[in-house]
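Please look over the sequence and the structure before reading on.

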Amino acid sequence: MKHIVFLTGAGMSAESGISTFRDSGGLWEQYDVMEVASIDGWYKNPDLMIRFYNERRAQLDEVAPNEGHKIIASLEKSFKVTIITQNVDNLHERAGSSNIIHLHGELTKVCNESKSEVYDIGTKAVEVGARADDGSRLRPFIVWFGEAVPLIEKAANIVSNADIIVIIGTSMQVYPAAGLIHYAKRDAKVFLIDPNDVPAPSSSVEIIKEKASVGMRILAERLTKL
Ligand code: OAD
């Protein structure tokens with residue numbers, strides 16, 4: 001069975017109604033990224049961050065996987081599929097995909113400050129000031145700017161073994177995630193699905209300039225002929 005690795009970003013969930021970060025009208029136009037998505041922001045104003053992620057978590061109850069997520073899940077019938085996502089939502093899981101690496105953490109989880117204890121809370125809100133079992137502040141299980149990305153090595157290994165790589169809905173501006181593609185085998189087939197112009201990581205990348213849903217429809221058809 002061929003191994004397809006999907007590298008997904010915020011654009012994957014855009015059609016489900018979750019805002020991207022850097023498009024016009026995106027989250028980083030409404031919020032100061034360093035206030036709500038950096039470890040320094042947490043030290044300065046943890047209450048603000050608890051509220052920000054409570055809102056993001058609550059939104060999960062109002063959205064559903066889109067056709068793009070569903071087609072990816074359906075490919076497990078014919079391929080070995082791994083998803084490496086920068087997204088912190090749970091839409092790949094809810095679409096039925098079984099092999100998902102969340103590089104930047106997960107909204108449905110919280111942890112103690114050292115991240116040694118992780119708690120699954122689903123879409124519940126965290127009380128401002130709540131404490132973990134070890135007495136430290138309970139915090140969102142999110143990888144913030146200024147923090148290490150613990151799963152990056154595992155992800156790089158997976159990419160280096162992929163036969164087909166599909167990049168969907170990421171501006172590829174955030175490292176180390178954006179560098180993962182450079183671990184691809186020389187003969188790996190690489191596709192990029194995005195409705196806007198994003199710099200292709202190499203000239204051999206096949207670009208499908210469409211939204212995730214339409215792009216995945218086209219890709220699924222293409223895969224039957226590979
Ligand atoms: P960005 O907001 O930077 O990029 C979103 C990409 O999705 C852009 O290339 C858009 O053109 C594309 N896009 C928009 N609508 C789409 C659609 N319907 N279908 C497919 N693509 C679409 O989001 P990311 O690259 O995911 O990290 O951002 C990376 C990281 O930056 C996030 O994980 C987050 C953020 O700061 C943290 O918060 C730590």
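A nonpolar core is a set of buried Ala, Val, Leu, Ile, Met, Phe, Trp, Tyr and Cys residues joined through side-chain atoms within 4.5 Å, where buried means under 20% relative accessible area (1.4 Å probe, protein chains only). This is a predicted model, in which local features need pLDDT of at least 70 and side-chain atom pairs count only at pLDDT 80 or more, while totals for chains, interfaces and linings use all residues. Residues are numbered from 1 along each chain as its sequence is written, and side-chain values use heavy atoms, with hydrogens and water left out.

The largest nonpolar core has 24 residues, and L7, I84, L103, I165 and L180 have the most contacts inside it.

Around the ligand are 25 residues (each with a heavy atom within 4 Å), of which R22, T170, S171, D194 and N196 come nearest. The table gives polar contacts, that is, pairs of N or O atoms within 3.5 Å.

| Protein side | Ligand atom | Distance |
|---|---|---|
| T170, side-chain N or O | oxygen | 2.7 Å |
| N196, side-chain N or O | oxygen | 2.7 Å |
| A212, backbone N or O | nitrogen | 2.9 Å |

The protein covers 94% of the 800 Å² of accessible area (Shrake-Rupley method, 1.4 Å probe) that the ligand has on its own.

Methods
Polar contact = N/O pair within 3.5 Å; in protein donor to acceptor, adjacent residues only side chain to side chain. Buried < 20%, exposed > 50% of the residue type's maximum accessible area, 1.4 Å probe, protein only.
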